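Thanks for coming. Please look at the model first.

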Amino acid sequence: MKSYLQMVLSLSLIAVLSGLALGGLNELTFEQIQINILKFKKIPAVADIYEILTGELSSEERMAVEEGLLSEKRYVDLGLNEPSLFFVVRKDGAPFAVALEDYGQGFAGNLGVMVGFEIETGNLVGIGITTMSETPGVGTRVKEKAFVTQFMGMSKDAVLKVKKDGGEVDALSGATVSSRAVAQAMDNARAFYTEHREAILDAVNETPGGSS
Amino acid sequence: METDFFALIISAIFINNILLAKFLGNCPFLGVSKNMDTAVGMSAAVVFVLTLAGIITWVVDHYILATFKIEYIQTLAFILVIATLVQFVELFLRKSIPALYKSLGIFLPLITTNCAVLGTAIINIQEDFSLLETVVFSAASATGFGLALVLFAGIRERFEIARIPKPLEGTGIGLVTAGLLALSFFAFKGMI
Amino acid sequence: MTTLTREFTKGLWDEIPLFRIVLGLCPALAVTTTMENGLGMGVAATFVLVCSNGLISLLRNVIPSEVRVACYIVIIAAFVVAVEMLMKAYFFSLSESLGIFIPLIVVNCIILGRAEAFARKNGVLASLADGLGMGLGFTLALTVLATLRELLGAGTLGLVFGERVLLAQPFGFFQQAPGAFVALGILLGLMNVLSKSGK
C-alpha cells in the first residue's frame, strides 16, 4: 500500500512541479511571443500591401515601415470568440485602407492571406501571404509578384475564384490548389469585411494597439 | 467554411501521407516492416489508437486546456493522454478481448512513442478542425499509415531473395526503397 | 575522468544516433531541408536530452520503478514545452520552420531511450556527459544530412553563404520527401563503408 501511495505521490508531484515551472515560463515569454507573431507573420504581409501603394521600397525603408505598422494594429470586438485584429494602411498620413487576415484550405494545411481594402470604395488594394505550408517551389509561388499583382485594385465585386471554377483569378499552372486557397481566403476576408464594415471603420481612428 | 470531406480523406491517405510525406511515425515504419504479419498488426493497432487519441485530445484541448487558458502545456497534456489511453486500451483488451490482445498487444506499448499519434493530435488542433473533421482526418491519416506500412512490408519481404549492395544492407536499402515508394505516392498529387 | 570523457565521446562516433543507432528518424527526415533547420533541431533536441538526462539521474532513487516511464515522459515533455516557448520567443522564424517537430521531440526515441538505458542507472555527471555526447552526435548527423540536402536540392547553403553556391542546376528531388529517404539511406551506406575501412 505504501509503495502505491509513493507511486501516485511522486508522479503527481513531478507533474505539478513541471506545470508550475511552465506556468512561470509562460508568463515570461508570452508577451514576446505575441509580438513575434505580429512582427514576423502579420506585419510583413501588411507591408507587402503598403508597398503596392508606395512602389518598391529599399530594405531600410521597408524595415521602417514594418516598425511603424506595429502601432497601426487595431482590435475590434465583434462579439466573436476574441477581438478581431486588423491593420490601418495609410497613404500620405491619412488612413487609406484596412488590412485583415483570413484563411483558405491549402494543399497542406491552412493558407493565410492578408487582404487590403480601400476604405473609400471597398475595392481591393492588394494581398500579402501570412502563413502557408505549401510545397516548396510549387505552391509557394503564390507569394511571388507574378501571381500577387493581379489582385491590385481589383473591384469589390470581382468573382474571387480561379478561372477554372468560373472566377476571375488566374491560377498558377501546376498549383491550382494553392491558387484556389488564396482566392478562397480573399473571398472569406471580403465577406467578413462587408459584414462588419461599419464596426471596423469606427475602430480605425481609435488609439492604436489597444491590446487584448 | 464547408469542408470537402472527400478531399480531406484523399489528401490524408495519399497526398499528404503521414509516413511518406509528413515523416510522422518512421521508427515503427522501419522497425516492424520486415514481415507482413507484424506490419498488418501494427497498422490495425495504430488505426485504433490514433483515431481514439485524436478524439480524446480534441476534447481535452477544447474543454479543459482552452477553458483554463493553459494551451501552452498542450504537448505535455497530449502525451499524458496518449500514454494513459494506450495503457487503458491494453488493460481493456487483455480483460475483454483476449484474442485481439494476443495479436495487437505487443504493438501497443510502442504506440505511445509513435509520433504519428501525437503529431496528428497536434495537427487536428492547429488546423482548427471540428470534432467531425478530427475523426475523419485521424482515421484517414491512420489508414494512410497502414497502407504505406503494409505496402512497404510487401516490398521488404522480397529483399530476402534480392542481391543488395553490401553497405546498404538492412536500414540503408529500406530507406532508399521508402524513398521510391514516396516518389510513387507523389503521382497522387494531380488528383485534387 | 576518463570514463566521463568516454561517456561523452561514444555518442559522437561509436554510437552516433541516427547513423549507428537508427533512432529519431522523423525529425531527421522532416526538418533537414536546410542546414539551418537541421542544426536548430539538433540543438533543441540536445538541450532537452541534457536537461532530462540530468534531472532523471538526480531523481533516480526517488522515482518508483513501476511508474518510471510515465515520470520520464512528464519530465521530458516539460522540457520540450519550455524549449517550445523559448524558441517562439527568441528564435521565431526557426521555430516556424521546424513547426510541429518541436513538440514532437517528446516522442523522439533517443531521449526516452537514454533515460531508460543510461540516466536511471548512472550518476548525474555521467548522465550529463552522455546526454551532451548523444545530443551533439544527433546534431552532427542532422547537420550533415541537411547540408547535403540543401546543397544538392536547392544549391544554397543559407547559413554560411546566403547565396547560390552550387553552379550546376540543383536537383529539387533532394528537397522533397522521397529525396530525404534516399539521401539518408545512402549516407547510412557510406557510414558502413567508412567504418569498415577504418577497422
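Buried area is the accessible area, taken with a 1.4 Å probe, that two parts lose on being put together, summed over both. For chain A and chain C that comes to about 1700 Å², with 80% of it on carbon and sulfur atoms.

Some ground rules. This is a predicted model, where local features need pLDDT of at least 70, side-chain atom pairs count only at pLDDT 80 or more, and totals for chains, interfaces and linings use all residues. Residues are numbered from 1 along each chain as its sequence is written, chains are lettered from A and ligands numbered from 1 in the order in which they are written, and side-chain values use heavy atoms, with hydrogens and water left out.

Back to the interface. Counting contact as heavy atoms within 4.5 Å, 19 residues of chain A touch 21 residues of chain C. Which side chains form the salt bridge? They are A:Lys41 and C:Glu96, at 3.3 Å from N to O; the criterion is a side-chain nitrogen of Lys or Arg within 4 Å of a carboxyl oxygen of Asp or Glu. The count between these two chains is one such bridge.

Now the second largest pocket. A pocket here is an open set of points on a 1 Å grid over the protein atoms alone, where a 1.4 Å probe fits, with protein on both sides within 12 Å along at least five of seven lines; lining residues have an atom within 4 Å of a point. Its lining has 34 residues, and B:Pro109, B:Thr112, B:Thr113, C:Val69 and C:Leu112 lie nearest the centre. Chain A contributes two or more lining residues from helix H1 (2–54), a helix being a DSSP run of H or I with at least four residues.
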